[in-house]
Amino acid sequence: LRIFLESSDFLNIIKELKRKVDEDNQRFCPGLSNAFEFLEAVPVSKVKAVMFTDYLCNKLEYVTGVPFLLNMPGNPDLNEPGALCKSVDKKRKGGTYIVKSWLDQGVLIIPLALTTRIDGKAHSKLWEPFIMRIIEVLNKKYPDIPWLFVGAGTWKYEEDIASPHVRKMQL
C-alpha cells in the first residue's frame with residue numbers, strides 16, 4: 001500500500017479533496033489524519049476476515065476512520081457468533097455499538113469511501129483507486145479469507161475478490 005500512497009493516484013485524491021474544501025466550500029470527515037485508522041486498527045499482516053461497507057458516519061463529533069466505530073458511549077462486546085449481522089441490525093434500530101472485538105480478532109473493516117461530505121454524500125468514486133489497491137493486496141496475501149459486503153454500494157467489487165467465501169447484506 002505504501003507504493004499507492006506515494007503514487008500520482010493518491011496525490012490526485014488529496015488534490016481533489018483540497019479543491020472541494022477550497023473551491024466548493026465542502027467540509028468532509030473524517031479528516032485525513034484519521035481516514036486511514038481502519039488500517040491501523042487491523043494491520044494487513046493480522047487480517048482474518050474482511051468487511052467492506054458503504055457506511056461511514058457523517059457526524060463530525062462521532063466519526064473515526066473505522067466504519068461503525070463511533071466515539072459514543074454504550075458499546076457492548078460483540079464477541080459472539082453472528083454478532084456482525086445482529087449488531088448491524090441493532091445499529092439500524094438506533095443502538096450504538098463499537099466493533100472493537102471484531103478488530104481485535106482481525107476483521108478488517110474497509111469503508112467504500114475513506115471520507116464523506118458532511119451532508120452525507122460519500123467520496124466513493126474519488127477513493128476507488130485506493131480501494132482497488134487494497135483489494136489487490138488482500139487477494140494476493142489472503143486468497144481464501146471470508147469477505148462480507150455490507151451495503152449495495154460495495155457489491156460491484158464482489159467480482160474482484162479471489163476468495164470463494166463472499167457474502168452480501170443490505171443495511
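Does Lys20 count as buried or as exposed, and at what relative accessibility? At 17% relative accessibility, Lys20 counts as buried; the term buried means under 20% relative accessible area, exposed means over 50%, and partly exposed lies in between, with a 1.4 Å probe and protein chains only.

Before I continue, a word on the model. It is a predicted model, in which local features need pLDDT of at least 70 and side-chain atom pairs count only at pLDDT 80 or more, while totals for chains, interfaces and linings use all residues. Residues are numbered from 1 along each chain as its sequence is written, and side-chain values use heavy atoms, with hydrogens and water left out.

I turn to the salt bridges. A salt bridge here is a side-chain nitrogen of Lys or Arg within 4 Å of a carboxyl oxygen of Asp or Glu. Side chains of opposite charge can pair when their charged atoms come close. Across the whole structure, the search finds six salt bridges.

Lys20 takes part in one of them, with Glu16, at 3.6 Å from N to O. Lys20 and Glu16 are separated by about one helical turn, because they are four residues apart in helix α2. Helices are DSSP runs of H or I with at least four residues, strands are runs of E with at least two, and both are numbered from the N terminus. Glu16 also forms a salt bridge with Arg19, where the closest N and O atoms are 2.7 Å apart. Those two residues lie three apart in helix α2 (residues 8–22), so about one helical turn separates Glu16 and Arg19. Glu16 is partly exposed at 23% relative accessibility, and Arg19 is partly exposed at 26%.

Another salt bridge joins the side chains of Arg133 and Glu136, at 2.6 Å from N to O. Both residues belong to helix α6 and stand three residues apart, about one turn of the helix. Glu136 is partly exposed, with a relative accessible area of 47%.

What does Asn139 contact, leaving aside its neighbours within four places in sequence? The partners are Asp160, Ile161, Ala162 and Ser163, where contact means heavy atoms within 4.5 Å. Asn139 is located in helix α6, residues 124–141, and counts as buried at 15% relative accessibility. The side chain of Asn139 reaches the backbone oxygen of Asp160 at 2.6 Å.

Finally, the sheet. Four strands, in the order β3-β2-β5-β6, form an open sheet with parallel pairing; two strands pair if DSSP finds at least two bridges between them. Its edge strands are β3 (107–111) and β6, each pairing on one side only. On average, neighbouring strands of this sheet are turned by 15° against each other, direction ignored. Axes are lines fitted to C-alpha atoms, for helices over the stretch in contact, and angles run from 0 to 180 degrees between N-to-C directions.

Within the sheet, β2 (residues 49–53) and β5 (residues 147–150) pair in the parallel sense over four bridges, and Phe52 has Phe149 as its bridge partner in β5. Phe149 and Met169 are 20 residues apart in sequence, yet their C-alpha atoms are 6.2 Å apart in space. Met169 is part of strand β6, residues 166–169, and is buried, with a relative accessible area of 13%. Helix α6 lies across β2, β3 and β5, running at about 155° to β3.

Conventions. A polar contact is a pair of N or O atoms within 3.5 Å; within protein, one must be able to donate a hydrogen and the other to accept it, and residues adjacent in sequence count only if both atoms are side-chain atoms.
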